Amino acid sequence: MNAIVSVNQLKKSYNQKPVVREISFAVQKGEILCLLGPNGAGKSTTINMLCGILGYDGGEMSYRGENISSCLNRFKRNLGVVPQDLAIYEDLSAEQNVRFFASLYGLKGRELEEKVSKALDFSGLQESRKDRAKTFSGGMKRRLNIACAIAHEPELLIMDEPTVGIDPQSRNHILSSIKKLSQHGMTILYTTHYMEEVEEISTRILIMDSGTIIAEGTKESLKEDIFDERQFIMEIEEDQCLNVDEFYKIEGIKKVEKQAQTLTITTLKNIENLDKIIALVITSKTKIRNLFCRTASLENVFLRLTGKSLRD
Amino acid sequence: MLAVFKNNCNRLWEEKMYLVVSLILMIVAISAAILLTAHIETKGNLALVVPDQQVLSERESALMANPYFNVTVLETTPETSALVQSRYDAVVTINADGNDAITTIKNPAFKTMVETALANPTGFAPDNRPIRQTGTNILGFMMMFLLMQGVLYARFFAEDKEKHLIRRIAMSPLPFGHYLLGHGLFIFLIIAVPSFLVLGVAALMGIDIGFSLPVYAGLIGVLALLATAFALFLNSFFEVADTANMLGSAIIILTSILAGSFYSLSKEATLFDKLLHLLPQKDFINFVNALEKGSLSQSTFAQLVYVFAISAVFLVIAVANTRNDYLYH
Ligand SMILES: Nc1ncnc2c1ncn2[C@@H]1O[C@H](COP(=O)(O)OP(=O)(O)O)[C@@H](O)[C@H]1O
Ligand SMILES: [Mg+2]
């Protein structure tokens, strides 16, 4: 088994109110595992318990098959954490910040300086490395927050909503750096409530709501599993000969809409009927200019699973 | 541990003003202590006016030999301005009939004291209440500032807590003990070293500072320990740096004044006075006083032990409280 970390039946309550309800999951080597859920789902609570800064009421956590408490120091040495709330020294320069956090992991001398510089480069902060963090924009602070967690080149990087409240440019920078880190072999556990981020970077997804993991899978498999239908969207050349009602004779068709030059056909996913649909259009002497297939978004998946929208 | 220590030094460097202000306060406190002690310590300067080559009586000769007064014999009464300028504390005029008149612009108590001395010059010794000497005074004045500096420099620790930096540090492999020791050591040294240097400079300049520098090193060490322990103790209770800072300063000012760091407030052993011994400042200053006067006893040593003990209690509570922020697994 290649699990770096596994969590089993982990639970936590605040004042008898369960916040994390016996969740279990594992983080596999090399993956970008996204923990997706709305605010208050219990993501940070889970992360904090895993990182050892929050007590838990029950369950087990292990690092490479060994109970975390018994190899805590080794686990922490191989762990990098980007906390949800900025945790940087505003009065110190970017470089001093990264150097301090890296030195907590036992880095010294030349090696320390090299890795600090590398992390600053990586976060695009090399030019402002001498500037105090308090002069930074929100996006730069977030990037510094990340740089402080990666300088020691951890095996597992846990990021708790590292992109909340920043400009799109910084966000793109962060997302592409995460992909780069992953390519360099880092394993990443990433929490967020933004669907787009999950779509962009995840290799696997855990969907969390009200303290429970309600679904797990890749973005494709989640959509496949949850939805039994898909949509074909056809751009056609306007033709009066096309009779929409004809489509309902094809097996599996659920809904057909025609708007100007766009034809939207909703059909059951597990029935192979695309050839019949196309044949019908062609026999109606209508020209197909474009055809694409739309599957559900993760937003739809979440809506379907919980009956509520991910956005508040 | 060194990482935390070094980081705090960097943070201090960004706020150099704190260091400058505390150094200035320390210099002012020490200077004030030295000046005030010098004033209190002066022997009474008496002018003995003996007109017409009169022969000094036995009584008057005895007064001249009394170690508590500097007596200058004059033939004519000095100008009042000499009193105002404090050249003399009192003028004793011997009249032709052998009676004497005392002129002073100091308080009546002083006049009475001179009268008593004149009446019984051989047996006279001034009221034997414990007058503090230079070293005790210097430490008494420094004490409050040193304790306040503890709270001031513990702000880095407080900030770690307030801005959740401590949680981030707790996620690193740095053991809790090293973390707190890093802060403690920083606070201790940043209190002890500059104030010791100020005293060292004063000693080099030839100013009488009461104790030798090694003794000062030890005594300042005790104060710095108490200050560090108290600061960590207080900050371990609060999430917000400013609360601990303000509360701590208020407590320190109040207790230092009550404990009589500057002047002994009460001379009698009332119940209140005994309660004041709960304040470590009072025990410390009593110990220092006894040390300077060479009258150490078991009870004064017990007072020193009490200061260590209360520091230890503060530290233990600080550790227990902060551990909750740091350790879970
Ligand atoms: N210290 C706390 N005391 C009481 N309730 C808390 C505490 N911390 C978090 N919670 C509650 O736990 C739930 C989950 O919080 P959190 O893990 O921060 O969610 P997320 O990170 O997914 O937004 C929320 O309802 C929050 O109100
Ligand atoms: Mg959160």
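A residue is called buried when its relative accessible area is under 20%, exposed when this is over 50%, and partly exposed in between, with a 1.4 Å probe and protein chains only. By this scale A:Glu111 is partly exposed, with a relative accessible area of 41%. The structure is a predicted model, in which local features need pLDDT of at least 70 and side-chain atom pairs count only at pLDDT 80 or more, while totals for chains, interfaces and linings use all residues. Residues are numbered from 1 along each chain as its sequence is written, chains are lettered from A and ligands numbered from 1 in the order in which they are written, and side-chain values use heavy atoms, with hydrogens and water left out.

Because they are 4 residues apart in helix H4 of chain A, A:Lys115 and A:Glu111 are separated by about one helical turn. Helices (H or I, at least four residues) and strands (E, at least two) are taken as DSSP runs, numbered from the N terminus. A:Lys115 counts as buried, at 19% relative accessibility. Elsewhere, salt bridges that share partners join A:Glu95, A:Arg99, A:Glu113, A:Arg129 and A:Lys130 into one network.

A:Asp91 is buried, with a relative accessible area of 15%, whereas A:Arg132 counts as partly exposed at 28%. Over all chains, a search of the whole structure finds 26 salt bridges.

The strands of chain A come next. Strands of a sheet pair through backbone hydrogen bonds, either parallel or antiparallel. Here two strands are said to pair if DSSP finds at least two bridges between them. Strand E1 (residues 3–14) and strand E2 (residues 17–28) of chain A pair in the antiparallel sense over 8 bridges. They form a hairpin with 2 residues between them, and A:Asn15 in the turn has a positive phi of about 45°. E1(A) also pairs in the antiparallel sense with strand E4 (residues 58–63) of chain A, over 5 bridges. A:Val5 stands opposite A:Val27 in E2(A), and its bridge partner in E4(A) is A:Tyr63.

Two loop residues of chain A also have a positive phi. A:Ala260, although not a glycine, has a value of about 50°; it is found in the loop between strand E12 (253–259) and strand E13 (262–268) of chain A and counts as exposed at 58% relative accessibility. A:Lys285, likewise not a glycine, has a positive phi of about 60°. This lysine lies in the loop between helix H10 (274–283) and strand E14 (288–294) of chain A, and at 69% relative accessibility A:Lys285 counts as exposed.

Chain B contains an open sheet of 4 strands in the order E2-E1-E3-E4, with mixed pairing. Strand E2 (69–74) and strand E4 (100–103) of chain B stand at the edges, each with a single partner strand, so one side of each is left without a neighbour in the sheet. Strand E1 (residues 44–49) of chain B runs parallel to E2(B) and is joined to it by 6 bridges; B:Leu46 stands opposite B:Val71 in E2(B).

How values were computed: Salt bridge = Lys/Arg side-chain N within 4 Å of Asp/Glu carboxyl O.
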